[in-house]
Amino acid sequence: MIGTIAVYGINWHHRYAHVGISLDPKVHNQGCGTDAMRILLRFIFEEMNLNKVKLEVFEFNPPAIRVYEKCGFRREGRLREEIFRYGRYHDVLVMGLLQEEHRSKTG
């Protein structure tokens, strides 16, 4: 096992869900996160027929932010000083991807 990926907080009425991913550091920078997220997004949009996927990511995690942006996510907001880690407060970025954006990106 190299990590976990999940869909949670599904709102069937408004047709959105949250996603989260956590990978073993040994497999970072090998494309595993991007591949896993793309597969999950295809399932969410094509099989579950949801309209939007949301996530939150720590601002101090640029590699994760790049993965999400590669998958089509856009920054929608910032939760200022949301967490305290490494001796100081950090922002959390809120990102989202719409079904229409995903469809246009994947053809």
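Hi everyone, thanks for coming. Some ground rules to begin with. The model is predicted, so to speak, on its own terms: local features need pLDDT of at least 70, side-chain atom pairs count only at pLDDT 80 or more, and totals for chains, interfaces and linings use all residues. Residues are numbered from 1 along each chain as its sequence is written, and side-chain values use heavy atoms, with hydrogens and water left out.

Let me start with the helices. Two packed helices are described by the angle between their axes and the distance between the axes. Here, helix H1 covers residues 32–47 and helix H2 covers residues 62–70; they pack at an angle of about 40°, and their axes are 9 Å apart. For those who like the details, helices (H or I, at least four residues) and strands (E, at least two) are DSSP runs, numbered from the N terminus. The axes are lines fitted to C-alpha atoms, for helices over the stretch in contact, and angles run from 0 to 180 degrees between N-to-C directions.

What do we call that arrangement? H1 and H2 are oblique to each other. Angles under 35 degrees count as roughly parallel, over 145 as roughly antiparallel, 65 to 115 as roughly perpendicular, and the rest as oblique.

Which residues make the contact? On the H1 side they are Gly-33, Thr-34, Met-37 and Arg-38, and on the H2 side Val-67, Tyr-68 and Lys-70. Contact here means heavy atoms within 4.5 Å. By type, the residues of this contact divide into 3 nonpolar, 2 polar and 2 charged. In that scheme, Ala, Val, Leu, Ile, Met, Phe, Trp, Tyr, Cys and Pro count as nonpolar, Asp, Glu, Lys and Arg as charged, and the others, Gly among them, as polar.

Let's stay with Gly-33 for a moment. Gly-33 sits in H1 and is buried, at a relative accessible area of 11%. The cut-offs are under 20% for buried, over 50% for exposed, and partly exposed in between, with a 1.4 Å probe and protein chains only. Not counting residues up to four places away in sequence, Gly-33 touches Ile-21, Leu-23 and Val-67.

How many disulfides does the structure hold? The count is 0, taking a disulfide as a pair of cysteine sulfur atoms within 2.5 Å. The sulfur of Cys-71 is 13 Å from the closest cysteine sulfur, in Cys-32, and that is too far for a bond. Cys-32 is partly exposed, with a relative accessible area of 22%, while Cys-71 is buried at 4%.

Elsewhere in H1, Ile-39 is exposed, with a relative accessible area of 51%. Its C-alpha atom is separated by 12 Å from that of Val-7, 32 residues away along the chain.

Now for some backbone angles. Most residues other than glycine have a negative phi. Asn-49 has a positive phi of about 55° although it is not a glycine. Asn-49 is in the loop between H1 and strand S3 (52–58), and counts as partly exposed at 42% relative accessibility. Tyr-86 also is not a glycine, and its phi is positive at about 60°.

Where is Tyr-86? It belongs to the loop between S4 and S5, and Tyr-86 is exposed at 66%. Gly-87 lies in the loop between strand S4 (74–85) and strand S5 (88–98), and is exposed at 61%.

Within S4 we find Leu-79, partly exposed at 29%. Leu-79 and Asp-91 are 12 residues apart in sequence and 5.5 Å apart in space, C-alpha to C-alpha. Leaving aside neighbours within four places in sequence, the contacts of Leu-79 are Glu-56, His-90, Asp-91, Val-92 and Val-94.

Last stop: Gln-99, in helix H3 (residues 99–106). Is Gln-99 buried or exposed? Gln-99 is buried, with a relative accessible area of 11%. Beyond residues up to four places away in sequence, Gln-99 touches Arg-15, Phe-45, Asn-49, Leu-50 and Asn-51.

Thanks, and over to you for discussion.
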